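Hi,

Here is the structure I promised to pass on. Have a look at it first, then read my notes below.

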Amino acid sequence: MTTVTARRVPARLGRFVLRRFRPPLYATYALLWVLALEGSAVAATGTAWRPTGATWVRVTGVVLALLFLRMLDEQKDLAHDRVHHPDRPLVTGAITAAELRGAMTAIAVVATALSAALSAAAALLFLAVLGYGLLLAALERLSSAVRDRQLLGLAVTYPVQALLGAYVYGSLVDAGTVTADWRGAVLLVLSACVFLHVEFARKTAWEAPPGARLYSADLGPRRSAAVTAGLAAGAVGCEVLLCAPDGPPGLLPCLAAALPAWGTLRFLAARRGGWPMATATGFVVATYLALALLAVWRP
């Protein structure tokens, strides 16, 4: 019986990943983010950039880190999901916490080994991402304020994304591919603004359904929309700082600002429903894709 059950674990994990991680979405995000961040950092030095084997290691590391964090969140949110999302795999028994922890251990070992192939510093930065995620899970168990207050929760959880950006950029610096300077800081701020724009967009709505955890419930719909739009504007400002020296072609990534502008107008005019997520998702794809292509185009 134990052997049969063990054989079923990979299939159970596979179904969990397909349902709760949605690989095309997360893998595309990781790919575009790493290409944009690495490409922009290298191209800013005046060096020709093309993806290398190390690039794909960084992409793989980010995807595996996001999967690790998704599995951790599933366990962390179990009590909430039992009430508000009874169809989730961990609630229904389609997967067990022990199986998720086993998969997380395997991810940590494999991804750390891959990162170590880049450098010891890259491996340490990757472990910092996972370690911070585990610390957050413990903090949420101990603090109801962190668990229940959305803005406070965001303040303490966002650094895990910042650490992922530091993993990508720091591995470039440690490899001698780039030299750390102000442009690296601007790139990391740009990444933060893009991520937080989508984060606020998906939790901004005129009404709050039962059990929904929305920033607009704390800020109000209009103020939450203003923050969402402001984050997109911050990303565009960073693009101007980085790309303006290339002349008009360098400002092409800024055209993506039309998407959050349209999303803001639609949300405020509708006075019902949530933020139009197609505009937020499109902003991420258009911004990162344009930055990556610009890095390839630069002489």
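Among contacts in the chain between residues at least 6 apart in sequence, what percentage join residues at least 24 apart? It's 72%, where a contact means heavy atoms within 4.5 Å.

Before you go on: this is a predicted model, where local features need pLDDT of at least 70 and side-chain atom pairs count only at pLDDT 80 or more, while totals for chains, interfaces and linings use all residues. Residues are numbered from 1 along each chain as its sequence is written, and side-chain values use heavy atoms, leaving out hydrogens and water.

Now the overall picture. The chain has 15 helices and 0 strands (DSSP runs numbered from the N terminus: H or I of at least four residues for helices, E of at least two for strands). Its radius of gyration is 20 Å, close to the 19 Å that the globule rule gives for 299 residues, so the chain is as compact as a globular protein of that length. That radius is taken over C-alpha atoms, and the rule is 2.2 Å times the number of residues to the power 0.38. Of the 299 residues, 47% are buried (under 20% relative accessible area; exposed is over 50%, partly exposed in between, with a 1.4 Å probe and protein chains only).

Two arginines are worth a click. Most residues other than glycine have a negative phi. Arg22, though, has a positive phi of about 50°; it sits in the loop between helix 1 (2–21) and helix 2 (23–43) and is partly exposed at 44%. Arg271 has a positive phi near 60°, lies in the loop between helix 14 (258–270) and helix 15 (277–297), and is exposed at 56%.

Cheers
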